[in-house]
Amino acid sequence: MATRAVITLPAAVKAGEAFEVRTTVAHAMETGYRSSDEGARLLRDLVRRFECRLDGELVFAANLFAAISANPYLAFWLRAGKSGELSFVWHGDNGFEHRETRPLTVA
Amino acid sequence: MRSAWLLLAVALLAHAEERRSGRDTMSPALRTLQADDAQHPAQLALAMGREQWAAGAKSCASCHGELEKLRGAAARYPAWDQGLVDLPGRIQRCRVRHQQQPAWAAEAEPLLALAALVAQQSRGLPLQPPRGPELDKAAAQGQRLYTTRIGALNLSCAQCHDERAGQRLGGSLIPQGHVDDYPVYRLEWQSLGSLQRRLRGCLSGVRAKVWDWDSGELLALELYLARRSAGMAMQAPGVRP
């Protein structure tokens, strides 16, 4: 199954005005503390780091840990002076990496 | 005599008003989670469902066309088609008969995603499970199951969800057991799940033998529950704690 992410941006963004970005990525966020129905330990599998960049400049980042739910949902506020490209990346255990980009149009 | 009828009418009305969807008993934060599409934890599944809807040469879209055309379809299940069939069951049949693909396993991610997507199209519409001689028979069986004590705890569905609805079991509120929001994203499951999964959870909760997926018992109970919730507005996919 392909990895999926949903990113919600406001339709119109004004220069210098804060806007909300909402992101979620499909990931099990297995803590490593659980057992399967058969009793075997489920290996830890977490998203470790999320980064959001605007034209390459880091504007938001988060470290994620075992207490965060499956399909981690992050909402944060940004302010932009000009249009550009927002890029999102999630890194995790077992080489997990998912990238998305969204154009940002500032009026 | 007249006042007796009036009393009865008032009592029936009061009873009708007492019906309360599970979503209205949740915390404001959870209600927002369900009401706001940009926060809904099932949004990933819905995106997957839309992909699945259009996937392949013989896709769902190639027969059904626009997704919006299925508005109201989910409100009319379980139905009778050479046997009882619920919404995920209908999707499975479509997949096997018309798409010539192997059926998915119960609770497979794409199956739940499609069921949630189809159910979402009926948002705001009242549940209208169909009627018919076979369906009436199955619903009667469902009602019997609903009121029969089972399991090591010797409890029937009705004892909790009719007689003790609104009270607490441990820290959790006992809901009236309405089925207006299925499939639901349950935070405890960290995923979408069907009504059958919910019912099987209750069965193992009372330490009863858990009925097989798509068994006659589960489907009959689903049908009875749909009739019990008939007329309530669907807001699928739901969010539940």
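# Exercises on a two-chain model

In helix α7(B), three of the buried residues are B:Ala138, B:Ala139 and B:Gly142. Buried means that 20 or more other C-beta atoms lie within 10 Å of the residue's own; exposed means 12 or fewer, partly exposed lies in between, and C-beta atoms are placed from the backbone. Those three residues cover an arc of only 105° around the axis, so they sit on the same side of α7(B). The arc is taken from the directions that run from the helix axis to the C-beta atoms.

This is a predicted model: local features need pLDDT of at least 70, side-chain atom pairs count only at pLDDT 80 or more, and totals for chains, interfaces and linings use all residues. Residues are numbered from 1 along each chain as its sequence is written, while chains are lettered from A and ligands numbered from 1 in the order in which they are written.

**Exercise 1. Find what lies on the other side of α7(B), and what covers its buried residues.**

Step 1. Turn to the other side of α7(B). B:Pro133 and B:Asp136 are exposed there.

Step 2. Look at the cover. It includes β2 (84-85) and α10 (216-228) of chain B. Helices (H or I, at least four residues) and strands (E, at least two) are DSSP runs, numbered from the N terminus.

**Exercise 2. How do the axes of α7(B) and α10(B) cross?**

Step 1. The two axes come within 7 Å and cross at roughly 95°. Axes are lines fitted to C-alpha atoms, for helices over the stretch in contact, and angles run from 0 to 180 degrees between N-to-C directions.

Step 2. Name the arrangement. α7(B) and α10(B) are therefore roughly perpendicular to each other. The classes are: under 35 degrees roughly parallel, over 145 roughly antiparallel, 65 to 115 roughly perpendicular, and the rest oblique.

Step 3. List contact residues (C-beta atoms, placed from the backbone, within 7 Å). From α7(B) they include B:Leu135 and B:Tyr146; from α10(B), B:Glu217 and B:Arg227 are among them.

**Exercise 3. Describe how α5(B) packs, and how it crosses α6(B).**

Step 1. In α5(B), B:Leu87, B:Pro88, B:Gly89, B:Ile91 and B:Gln92 are buried. The buried residues of α5(B) pack against β2 and α6 of chain B.

Step 2. Helix α5 (residues 87-97) and helix α6 (residues 109-120) of chain B have axes that come within 9 Å and cross at roughly 115°. That makes α5(B) roughly perpendicular to α6(B).

Step 3. B:Leu87, B:Pro88, B:Ile91 and B:Gln92 make the contact from α5(B), and the α6(B) residues include B:Leu111 and B:Ala119.

**Exercise 4. Sketch chain A, then locate A:Phe76.**

Step 1. Chain A has zero helices and seven strands. Its C-alpha trace spans about 55 × 25 × 20 Å along its principal axes. Of its 107 residues, 15% count as buried.

Step 2. A:Phe76 is in strand β5 (residues 73-78) of chain A. A:Phe76 has 14 other C-beta atoms within 10 Å, so it is partly exposed.

Step 3. A:Phe76 and A:Phe19 are 57 residues apart in sequence, but 8.3 Å apart in space, C-alpha to C-alpha. Not counting residues up to four places away in sequence, A:Phe76 touches A:Val21 and A:Phe60.

Key
Two residues are in contact if their C-beta atoms, placed from the backbone, lie within 7 Å.
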